[in-house]
Amino acid sequence: MAVNRIFIAQLAGLPVFGPDGEPVGKARDVVISLRIDRQPPRVLGMVVELVTRRRIFVPMLRLTSIEPNAVTLTTGSVNLRPFHQRVNEVLVIGELLDAKIQVEDGRTAVVVDAAMELTRTRDWRMVRVAGRERTGRFSLKGPVQVWNWEDVGGLSVNEIASQPQGAQQLVAVFEGMRAADVAHALHDLPPKRRHEVADALDDERLADVVEELSEEDQKDVLAHLDEERAADILEAMNPDDAADLLGGLSEGTKDRLLELMEPQESEPVRRLLEYSFDTAGGLMTPEPIILTPDATIAEALARVRNPDLTPALASMVFVCRPPSATPTGRYLGCVHIQRLLREPPFDLVAGVLDTDLTSLSPNASLSDVTRYFATYNLVCAPVLDETEHLLGAVTVDDVLDHLLPDNWRETGLSHA
């Protein structure tokens, strides 16, 4: 190893390379095995997230080097089975950060990091704990201090599993990660820790993460939240994702949450719930890019540049008579982003409409929608009612979400 003391939180997100320099994935956590006494625990290995998003366990003996900017694996085989935590194992980043500890003079502190060292026997041990003094339930003060592992209390398996923790340090580790990656990390955490992270995330961030969770994890997080906050999270979600989530709840819970949502937020969700989940109406989003015919090409391009749009939704704008909110006035046609890029910016979108593209009915089946995308080589499609009003748009990512197995978010991708 290049260094013999490493602070674990700094490893999160580091690229992991194979022995020949090929990218393998990213470091996500370190696994330790706690002892009955207070001696430094043994570091078992690292949780690595592969480029396929599957998380695997890599023993420390399989690591050639841990540098400030990368981790390198040795030659030899690595078990590619998904990582599953065992009894007495603790995830340093996922579970140890934010834990309450007892230090000298009866003071309490909160863990902000932990350091492992390479011993003379070539084993890695978790020998240091870094923390800040706690002044209130979750408030901290003063500089970061470092203690020997054996000099702090509160780090047994039972204490970590039972004591209430904040999640500020763990949320800081998640900063900058994609919502899908945070969702994958939450799935691997014990329910208690998952709930603490959900409490610490702001509404917008939590909504993004919940959209990427499996159905069971979505229900678990929503059930943990009080109903007022659950309604706030649903308001911050995309309407089609909120409808999918509500559709899997009991009628009583669904109705209560819809009533708690603001009317302007709940109305599009209620409309989506009128359709079966496996139809174009159930798959669509009611918030595609909609312009009136007097809009310019420049205005259209400004709308598709919105970073909050998915690439699929940004691939097409729809032109309709007022009103521009769904269900719109009469649908006139669509403009593909490639066409927008080729036209003068001050021309009107009405002059470059694609009026020949077939639309989908809200009652079109999932198989019909799939054939539509395959036929026209599109990633976004308009959904119209019988009177030519735009109801929304179906995107290919929502189609794939319904074609894949129910547990695809948990298992990740596998090689053929």
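Is Phe-318 buried or exposed in this structure? At 0% relative accessibility, Phe-318 counts as buried, where buried means under 20% relative accessible area, exposed over 50%, and partly exposed in between, with a 1.4 Å probe and protein chains only.

Before I continue, a word on the source. This is a predicted model, in which local features need pLDDT of at least 70 and side-chain atom pairs count only at pLDDT 80 or more, while totals for chains, interfaces and linings use all residues. Residues are numbered from 1 along each chain as its sequence is written, and side-chain values use heavy atoms, leaving out hydrogens and water.

Let us turn to the aromatic rings. Rings of Phe, Tyr and Trp (its six-membered ring) pair if their centres lie within 6.5 Å; planes under 30 degrees apart count as stacked, over 60 as edge-to-face and the rest as tilted. By this rule there are 4 aromatic pairs.

Phe-57 and Phe-83 have ring centres 6.3 Å apart and planes at 25 degrees, so this pair is stacked. Phe-57 belongs to strand β5 (residues 55-59), whereas Phe-83 lies in the loop between β7 (70-73) and β8 (89-91), 26 residues apart. Strands here are DSSP runs of E, at least two residues, numbered from the N terminus. Phe-57 is partly exposed at 25% relative accessibility, but Phe-83 is buried at 9%.

Phe-318 pairs with Tyr-331: their ring centres are 6.5 Å apart and their planes at 50 degrees, so the pair is tilted. Phe-318 sits in strand β14 (residues 316-320) and Tyr-331 in strand β15 (residues 331-336), 13 residues apart. Tyr-331 is also buried, at 9% relative accessibility.

Finally, Tyr-372, Phe-373 and Tyr-376 form one aromatic cluster.

Terms used. Helix = DSSP H or I, 4+ residues; strand = E, 2+ residues; numbered from the N terminus.
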